[in-house]
Structure formats: structure tokens, C-alpha cells
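Morning, everyone. I have one model to walk through today. Please have the sequence and the structure up before I start.

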Amino acid sequence: MTVFFGYGRVSTDIQSTENQRVELAQAGYQIPDEFWFSDSGISGKTCATQRPQFGILLFKIRSGETLVVSKLDRLGRDAVDVMQTIRLLGDRNVKV
């Protein structure tokens, strides 16, 4: 059975990541609550690895598991950060 982890991020505390989770569900990814991680009030300028919930996700996700996001920009502050995050996950044999 494939284990899917999900991650969402919004920039302000008045926004919600729920729409990102709904998008993933509509794409066929049913992500249990214990595998859903989201950061609220975190600027896109903050590196993914410095975000609290993303850090917990990195601790929990294991080789062979899959991380899904609604958009790649959820994974980093710019193209370089996104690529570094994907490379970090790839080096750990985590699919994105």
C-alpha cells in the first residue's frame, strides 16, 4: 500500500490550507490526518526546511513513501529552494 503524505502552506493565519487538501483529494490522494502537515502564517520566503510542520514531516516520512503538494511553490521560496527540497527528498528515496 502506498503511503501518501501531504503538505500545505499559507502565508497568513487568516488563510487556510484546506483548499490545498481538497485539491489533493480531488486528484485522488486520500491523506489521513496523521499524514497531513501544514504551516500557516509562514512566508513563502522561508526555506521549506525551516518551517515547523515541514520539519516534522521530514522527520516522519520514510524511504519509499510519497509527498504530494497542490503546487510546487509550497515546497520552497524560489526555484532554487524548491529544487533543493526535492533533491533532499529524492536523496532519501521519497517521491514527490
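Let's begin at the start of a helix. Asp 78 caps the N-terminal end of H3. One of its side-chain oxygens sits 3.2 Å from the backbone nitrogen of Val 80. Keep in mind that this is a predicted model.

Buried or exposed, or in between: where does Asp 78 fall? In between. Asp 78 is partly exposed, at 35% relative accessibility. Arg 77 is partly exposed too, at 41%.

Now H3 itself. The helix covers residues 79-91, which is 13 residues. From first C-alpha to last it reaches 18 Å. That is close to the 18 Å expected at 1.5 Å a residue.

Which residues of H3 are buried? Asp 81, Val 82, Thr 85 and Leu 89. They span an arc of only 100° around the axis, which puts them on the same side of H3. An α-helix has 3.6 residues a turn, so residues three or four places apart point the same way.

What does that buried side pack against? Helix H2, residues 52-60, and strand E3, residues 66-68. Now turn to the face pointing away from the buried side. There you find the exposed residues Ala 79, Val 80 and Asp 91. Just past the helix, Asn 93 takes a positive phi of about 65°.

Back to salt bridges. How many does a search of the whole structure find? Three. You have had one already.

The next is Arg 21 with Asp 33, with the closest N and O atoms 2.8 Å apart. Arg 21 lies in helix H1, residues 18-26, while Asp 33 is in the loop between H1 and strand E2, residues 36-39. So this pair ties together parts that are twelve residues apart in sequence. Asp 33 is exposed, with a relative accessible area of 59%.

The other one joins Asp 73 and Arg 74, at 2.9 Å between the closest N and O atoms. Asp 73 is partly exposed, at 36%. Arg 74 counts as buried, at 12% relative accessibility.

Arg 74 also takes us back to H1. Gln 20 is in that helix, and Gln 20 is buried, with a relative accessible area of 6%. What does Gln 20 touch, leaving aside neighbours within four places in sequence? Tyr 7, Gly 8, Arg 9, Val 10, Trp 36, Ser 70 and Arg 74.

Four bridges join E1 to E2, and the two run parallel. Gly 8, one of the contacts of Gln 20, stands opposite Ser 38 in E2. E1 also pairs with E3, through three bridges, again parallel. Phe 5 has Leu 67 as its bridge partner in E3.

How values were computed: Residues numbered from 1 in each chain as written. Predicted model: local features only at pLDDT ≥ 70, side-chain atom pairs only at ≥ 80, totals over all residues. Heavy atoms only, no water. Salt bridge = Lys/Arg side-chain N within 4 Å of Asp/Glu carboxyl O. Buried < 20%, exposed > 50% of the residue type's maximum accessible area, 1.4 Å probe, protein only. Expected span 1.5 Å × (residues − 1). Arc of directions from axis to C-beta. Contact = heavy atoms within 4.5 Å. Polar contact = N/O pair within 3.5 Å; in protein donor to acceptor, adjacent residues only side chain to side chain. Pairing = 2+ DSSP bridges.
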